Amino acid sequence: MAMIFEQESRTFSEYLLVPNLTTKDCVPHRVDLTTAVVRYRKGKEKSRLRINIPLVSAIMQAVSDDGMAIALARSGGLSFIFASQPIASQVEMVRRVKKYKAGFVTSDANVMQDATLSDVLAVKARTGHSTIAVTSDGTATGRLLGIVTSRDYRISRTQLETPVKSFMTPFDQLVYAREGINLSEANDIIWDHKINQLPIVNDENELVAMVFRKDYDEHKENPYELLDAHKRLTVGAGINTRDYRDRVPALIDAGADILCIDSSDGFSEWQQETLTWIRNQYGDEVMVGAGNVVDAEGFRFLAKAGADFVKVGIGGGSICITREQKGIGCGQASAVMAVAAARDAWFRETGVYIPICSDGGIVYDYHMPLALAMGADFIMLGRYFARFDESPTRRLLVNGTYVKEYWGEGSNRARNWQRYDDGSSAEKDKMTFEEGVDSYVPYAGKLKVNLDVTLTKICSTMCACGSLTIQELQEKARLVVVSSTSIVEGGAHDVIQKESERRP
């Protein structure tokens, strides 16, 4: 006879947090939302990777490309660039994120002095950069001869065949710095000379890097930016259990900070083999998460296999139909609490803390502090981020309302056979049935504007629970199961609501 769990399968909407005493010190601006992403010995060492807000974007075509990765990292979160694409294109996305922001940027817009304005415009169109280095060989490391910016020419009056050397700012008129200068000193030079960029050269006047004023300004506007040791934005990448022998080395070489196996069911030998291969090749140098699982047994399996974090949730995503197609899964709230208990037991046994990520089931902002209170160290979101300008999908006008496209990795549109294939089929790139749908989500505008509101809500909820950190929330949280009637009571009821102004 089949085993039947006594605990019901419950969702986040079936719970509410009961307030604790809010002290005068417990105010939203003092809340610390930083959290560990990968395993560590709790109390003895810090996690090698922490994020400044407990939110990461899902490993999905409709959510996480380089644009989303840049926007979320600048706000303190982390994106996992989707794996259901050729290795080369995923690698290029990772590289674009790593190049986007760095204290010392390797110039990717370069020409020789014999180039023409037409060549300059072509480089500008290709890279999106208006500052172009003129070097002896047209590379990022050649001898610097000058700089071209958009102020050095007028397209309406300068002939396209005009050579660069005739309108560039020559080297002897440039403000530059020598290799070895630190970032603070470089920014001081930029401000003192009222310039927008500072070339860094070596003793042979060969270009080493560029420092830009806009990077300094943007960092001040985004104090929670998630940066690596080289002041570059932090980015994750998804992998699968099929081509990992080729994909993992390429992603690591491109600069990916962390990887995560993208699968609907992580309790499998396929993931065990993938983790074993990564550990044999790289030891603990490469950080990699695994999942998804919904119970203690699944967690312990991946913990033993070497996962740095474990992703929790099967069938809870808004575009996921795994439960109705295959009859497997668990309510997300129940799954998070079960796996959190297993994580805590593992820590007591081994002294190693393995963070868990709640993936799916988030419908409203208030579900996020619930997931954290139930034991999640951080939360993976798909639908939430798909609504924003920075997601890679199209914005459309449907029935008078602006929406963005959103489809699941289990849909035929995604064609992500590597995620759902069980290894038994000889015919690749084929899905017998779908586990995801193709849909729309309401368009919501800019990521940062919406995210700031969400984070304020999380901080306010934590203060109502008398907590200033996620760990404190988990220790102090008190939960109550709600009835269907009280759910109705919790929203606006028994009134005639005014229609809110519709905005595009």
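## Rings, barrel, helices

A search of the whole structure turns up 13 aromatic pairs (rings of Phe, Tyr and Trp, the last by its six-membered ring, with centres within 6.5 Å; planes under 30 degrees apart are stacked, over 60 edge-to-face, the rest tilted). Select Y153 and F167: this aromatic pair is edge-to-face, at 5.9 Å centre to centre with 70 degrees between the planes. Both Y153 and F167 sit in the loop between strand 8 (144–148) and strand 9 (169–170), so the pair ties together parts that are 14 residues apart in sequence. (Helices, H or I of at least four residues, and strands, E of at least two, are DSSP runs numbered from the N terminus.)

Before going on, two notes. This is a predicted model: local features need pLDDT of at least 70, side-chain atom pairs count only at pLDDT 80 or more, and totals for chains, interfaces and linings use all residues. Residues are numbered from 1 along each chain as its sequence is written, and side-chain values use heavy atoms, with hydrogens and water left out.

Next, pick T116, in the loop between strand 6 (110–111) and helix 3 (117–127). Leaving aside residues up to four places away in sequence, T116 touches L160, E161, T162, P163 and V164 (contact means heavy atoms within 4.5 Å).

Eight strands close into it in the order 4-5-13-14-15-16-17-18, with parallel pairing (two strands pair if DSSP finds at least two bridges between them). From one strand to the next, the twist averages 30 degrees. (Axes are lines fitted to C-alpha atoms, for helices over the stretch in contact; angles run from 0 to 180 degrees between N-to-C directions.)

Zoom in on strand 14 (residues 258–261) and strand 15 (residues 288–293): they run parallel and are joined by two bridges. Here L259 stands opposite V288 in strand 15.

Last stop: helix 8 (residues 296–305) and helix 10 (residues 332–350), which pack at about 45 degrees with their axes 8 Å apart. That angle makes helix 8 oblique to helix 10 (under 35 degrees is roughly parallel, over 145 roughly antiparallel, 65 to 115 roughly perpendicular, the rest oblique). To see the contact, show A296, F299, R300, A303 and K304 in helix 8, which meet V339, A342, R343, W346 and E349 in helix 10.
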